[in-house]
Amino acid sequence: MLFLPGNNPGILQNAALFGADCVILDLEDSVSPAEKLAARNLVRHALGSVDFGEVEKIVRVNATTTPFFRQDLEILRSRPDAIMLPKVNSAQDIIDFDALASGIEEDEGMPKGSIYLVPIIETAQGVLNVWEIAKASSRIVALNFGAEDFSASVGCQRTKEGSEIFHARNSTVLAAAAIGVDAIDTVFIDVDDEKGLIEDTQLAKKLGMTGKAVIHPRQVDPIHSVFAPTEKEIDHAKRVVAALKEAKEKGSGVASLDRRMIDAPVAARARRVLELAVAMNLMDETETGLGGDA
Amino acid sequence: MVEGKNFGMELRKAGCAGTLESSDIMITIHPGNGEGIEIVLESPAKQQFGKAINSAITESLMAIGVHSALVEAKDRGALDCTIKARTETAALRAAEMDDDEVRAKK
């Protein structure tokens, strides 16, 4: 997920060219208070006419406690794919947003709930309440953990090693997994440190994060390389799916591979690897063997 | 922003939006003399796209209820969407209004 400053037309018009899976058209931290109106107008017009191709379009609005939030909400009328809501502290923040968004959707003749939501968990309260936040609305398709504001919120020192954000990262992953949505890791702000970015992303993946936010196009490829399933993982997943299919065809309730039983978590992991491989254009959907009940 | 065909927007001072960065356009709007919209355009592509740029500016102003203005436009290769966005922002600043005020007047 690539953050793009909302007041920069040269960048916005090229949003589809950076290779990101989705772009976040930012009205918040990358836009000065004096230029919030200008950014809002630019993003609104860009959503209506720039060709974003297959790239998903998210708009990060200003926090609900700022004087800009209510005007930012009007961007829903321009039909972004999702809104990213910063500084979410409680389920009530989500409930309130949901009501406002539903009102705009009804006014515009859009199906209720059609604009998705990505809360940013970046305060002490947000981390403590993340489970309540995650289940507060069916609009939520992902949780994004934001380490920079979180560190400021708790008064800890931000490091590349990341031990100070370990619990918060874990909490975000747990809540996202429990509700069945994506967990998007925090940005890595040193754009010149590719090695550090890859290490940070590998850690995030190990913890269960399913994606990572980035602040520069050059960070996109390294992150894709970390999250992409390896050839070995894809091959194993295909063999698991094939074994499940064979067992089903034989009427057997138990499938095994390499003399090990394939239980539900193994099957689910294999399906996920293959779905990710397809999504990242590493294989064709027809090669997965998915399609039955595997 | 809402369509402003049914109400006029009064420009009270000069309003500016945009930058001289590549792909942007700097729009400065001054209150007019009541004789329509006059545009002074500076653009490296004035010959090929001058008419289209002027149309985008004029359409944007008419849509938000501005019928008289002097517009200085310094184009650096802006797309239509950027021209319209910067024009609207400059007009709102010239009118000392924000989006909520425009909506309330509808």
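Modeller: Two residues are in contact if their C-beta atoms, placed from the backbone, lie within 7 Å. Helices (H or I, at least four residues) and strands (E, at least two) are DSSP runs, numbered from the N terminus. The model is predicted: local features need pLDDT of at least 70 and side-chain atom pairs count only at pLDDT 80 or more, while totals for chains, interfaces and linings use all residues. Residues are numbered from 1 along each chain as its sequence is written, and chains are lettered from A and ligands numbered from 1 in the order in which they are written.

Biologist: Which are the edge strands of the sheet in chain A?

Modeller: The open sheet has 8 strands in the order S1-S2-S3-S4-S5-S6-S7-S8 (chain A), with parallel pairing; two strands pair if DSSP finds at least two bridges between them. An edge strand pairs on one side only, and this holds for strand S1 (2-5) and S8 of chain A.

Biologist: Which residue in S6(A) does Ile120(A) stand opposite?

Modeller: Strand S5 (residues 116-121) of chain A pairs with S6(A) in the parallel sense, over 2 bridges. Across this pairing, the residue opposite Ile120(A) is Asn144(A).

Biologist: Through which helix does the chain cross from S7(A) to S8(A)?

Modeller: Strand S7 (residues 182-185) of chain A pairs with S6 (residues 142-145) of chain A over 3 bridges, where Leu143(A) has Ala183(A) as its bridge partner. S7(A) is also joined by 2 bridges to S8 (residues 211-212) of chain A, where Asp185(A) is partnered by Lys212(A). The β-α-β crossover from S7(A) to S8(A) is right-handed (with the strands pointing away from the viewer, the path from the first strand over the helix to the second runs clockwise), and the helix in question is H9 (residues 194-207) of chain A.

Biologist: Which residues touch the most other members of the largest nonpolar core?

Modeller: A nonpolar core is a set of buried Ala, Val, Leu, Ile, Met, Phe, Trp, Tyr and Cys residues joined through C-beta atoms within 7 Å; a residue is buried if 20 or more other C-beta atoms lie within 10 Å of its own, exposed if 12 or fewer, and partly exposed in between. Beyond its neighbours within four places in sequence, Ile83(A) has contacts that include Ile58(A), Leu76(A) and Leu117(A). In the largest core, of 92 residues, the members that touch the most others are Ile83(A), Leu143(A) and Ala91(B).

Biologist: How far apart are the end C-alpha atoms of H11(A)?

Modeller: The buried residues of H11(A) include Ile234(A), Val240(A) and Leu244(A), and their cover includes strand S9 (256-257) and H12 of chain A. At 1.5 Å a residue, the 19 residues of H11(A) should span 27 Å, the expected span being 1.5 Å times one less than the number of residues. This agrees with the distance between the end C-alpha atoms, 27 Å.

Biologist: Why do the buried residues of H12(A) lie on the same side?

Modeller: The residues concerned are Ala270(A), Val273(A), Leu274(A) and Ala277(A). They are on the same side of H12(A) because the arc they cover around the axis, taken from the directions from the helix axis to the C-beta atoms, is only 90°.

Biologist: Which exposed residues does the opposite face of H12(A) carry?

Modeller: The buried residues of H12(A) pack against helix H11 (231-249) of chain A. The face turned away from that buried side carries the exposed residues Ala264(A), Pro265(A), Ala268(A) and Ala279(A).

Biologist: Which helix gives the most to the side of chain A that touches chain B?

Modeller: The contact takes 14 residues from chain A and 19 residues from chain B. On the side of chain A, helix H1 (9-12) and helix H2 (36-49) each supply at least two residues. The helix that gives the most, with 8 residues, is H2(A).
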